[in-house]
Amino acid sequence: MTSSKDLRIAIVGGGIVGVACAVRLQRAGLKVDLFESASKFGEVGAGVGFGPNAIRALKGLGVYDAMMARTGEELNMEPFQYISEQEGHELVYDQPIGSGDVDVGMTIHRAVFLDAVVGLLDAERTHFSKRLDRITQSEELGHTVSTLHFQDGTTFEADVVIGADGIRSATRVAVAEHSTRATWSNTVAYRGLIPSEHIREVNLKTDLFRGKPTNILGDNRHLIIFPVSNNEIVNVVIFCTDRSKPAGSVDVPVQDWTIPVEKQEIFDAFKGCGSDVHKIISLLKDPRRWAIHLLDPTLSSFVRDNIALVGDAAHGMCPHLGSGAGQGFEDALVICELLLDPRTNVSNVQDVFKAYDEIRRPRANKVLKASTAAGDLYETWRDVPIDELKTRLHDMWGWIWYHDLQGDILSTERSLEERGVWRASESV
Ligand SMILES: Cc1cc2nc3c(=O)[nH]c(=O)nc-3n(C[C@H](O)[C@H](O)[C@H](O)COP(=O)(O)OP(=O)(O)OC[C@H]3O[C@@H](n4cnc5c(N)ncnc54)[C@H](O)[C@@H]3O)c2cc1C
């Protein structure tokens with residue numbers, strides 16, 4: 001009888017989610033090939049925040065220790081402080097830390113994270129300059145085989161395909177029934193990394209170094225700011241939204257998703273805001289504008305046959321709850337645990353993937369929708385009575401951060417046994 005160790009697994013996309021997935025499966029002895037379209041691994045020059053749920057998933061995936069060793073830091077991210085953009089920069093809400101260290105996450109430079117995790121990969125099974133074009137399927141000895149066709153004309157046959165190829169996923173075309181083009185959220189983001197000494201020199205009223213990320217709330221605009229790299233660099237993301245048209249009604253050509261802009265464009269967008277915001281904008285170097293996209297409508301399935309989507313390929317979302325990668329790591333942990341069980345094999349992997357979809361899709365799509373709503377709250381906060389605002393800001397995080405993912409995995413395993421997909425007697 002075959003087991004999961006016999007599966008030929010292809011992962012498409014070597015972003016942070018695909019790499020984490022590959023590391024977990026390869027280190028457990030599964031045959032996993034990773035295909036990345038770029039000629040080498042790379043991340044944007046920006047920071048990323050991982051909430052406590054993401055941290056737990058990274059531990060489960062076996063990449064947490066490498067990440068922490070690479071940074072040389074302790075977990076460093078407590079809940080947000082919310083500040084008004086108006087002069088004086090009044091503290092609107094200071095979210096307290098909960099019980100013990102349970103609220104603590106990690107802010108990290110993206111390139112540092114990727115570098116730490118990539119070091120754990122099997123280099124011989126990592127293939128660069130392999131842009132997936134399409135997937136075809138055939139039946140062989142009673143099970144489905146997927147053939148990956150790459151743009152360079154080469155192909156690869158796999159029993160299992162994990163699509164981790166981001167919001168513009170080519171794998172998704174093989175999974176989704178309806179059109180799944182990412183839509184523009186009407187929000188743009190300007191991102192930058194500023195040396196902390198430059199921030200300190202301009203004497204902001206807002207303390208950006210008190211161990212909490214900062215959200216500066218404005219009208220149709222807001223800023224997310226947190227230090228990374230042992231407080232040596234400050235990550236800044238500046239958001240502006242055009243609410244004059246319905247979200248999704250304007251298309252941004254792909255070549256314009258990320259473009260360099262003059263700093264004046266950002267100053268113009270932040271007319272009337274307080275001095276801290278002006279000082280931060282003036283410190284940005286070579287700003288670029290990112291059109292923030294999301295999957296709307298959400299997918300009605302993350303899987304088809306022996307193909308499953310993880311990360312942004314499945315649920316690209318607005319970044320307003322800092323949870324896109326975290327949800328991707330949750331996907332990765334669940335799908336890896338199910339694939340690692342020796343009772344998963346070529347004959348039942350499609351049913352195993354259906355179970356993955358059933359447990360992951362509702363939660364990830366809920367986070368996706370809540371992320372859009374969070375951005376709306378940050379940018380229309382003045383319309384909300386202050387006590388209600390504080391409650392809503394407070395309550396946004398708990399259900400994401402304290403979710404029992406291990407419980408999800410256990411209940412999925414039980415359901416696979418109850419449905420007879422896995423036979424309990426085969427358990428090892
Ligand atoms: C401004 C901003 C701030 C954010 N902040 C946070 C945050 O603080 N916390 C958080 O959790 N999330 C955050 N996110 C979201 C997070 O960045 C994403 O959810 C995460 O990077 C998705 O990872 P991924 O591996 O799924 O996709 P990606 O990082 O997009 O990786 C996809 C990979 O697939 C490759 N690829 C693409 N197409 C193909 C193809 N056809 N064939 C082969 N390879 C292909 C790409 O080259 C890439 O390497 C933020 C997003 C933005 C825009």
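User: Start with Ile 16. How far is a backbone N or O atom of Ile 16 from an oxygen atom of the ligand?
Analyst: The distance is 3.3 Å. Keep in mind that this is a predicted model.

User: How much of the ligand does the protein bury?
Analyst: The protein buries 84% of the 1,000 Å² that the ligand exposes when taken alone.

User: Which elements give two or more residues to the shell around the ligand?
Analyst: Helix H1 (16–27), strand S3 (47–50) and helix H10 (324–340). H10 provides the largest share, three residues.

User: Which residues come nearest to the ligand?
Analyst: Glu 36, Gly 49, Arg 110, Leu 132 and Asp 312, out of 30 residues around the ligand. By class, the shell has 12 nonpolar, 11 polar and seven charged residues.

User: What about domains?
Analyst: Domain 1 (4–76 + 107–181 + 296–426) and domain 2 (184–294) each supply at least three residues to the shell.

User: Now the helix. Where does H11 bend?
Analyst: At Arg 360, by about 35 degrees; Pro 362 follows within four residues.

User: What end-to-end span should H11 have, and what does the model give?
Analyst: H11 has 31 residues (349–379), so at 1.5 Å a residue it should span 45 Å. Its end C-alpha atoms are 44 Å apart, which agrees.

How values were computed: Residues numbered from 1 in each chain as written. Predicted model: local features only at pLDDT ≥ 70, side-chain atom pairs only at ≥ 80, totals over all residues. Heavy atoms only, no water. Expected span 1.5 Å × (residues − 1). Bend = angle between axes of the 7 residues up to and from the residue. Near = heavy atom within 4 Å. Polar contact = N/O pair within 3.5 Å; in protein donor to acceptor, adjacent residues only side chain to side chain. Areas by Shrake-Rupley, 256 points an atom, 1.4 Å probe, with all protein chains shown as cover. Nonpolar A, V, L, I, M, F, W, Y, C, P; charged D, E, K, R; others polar. Domains from an automatic or database assignment.
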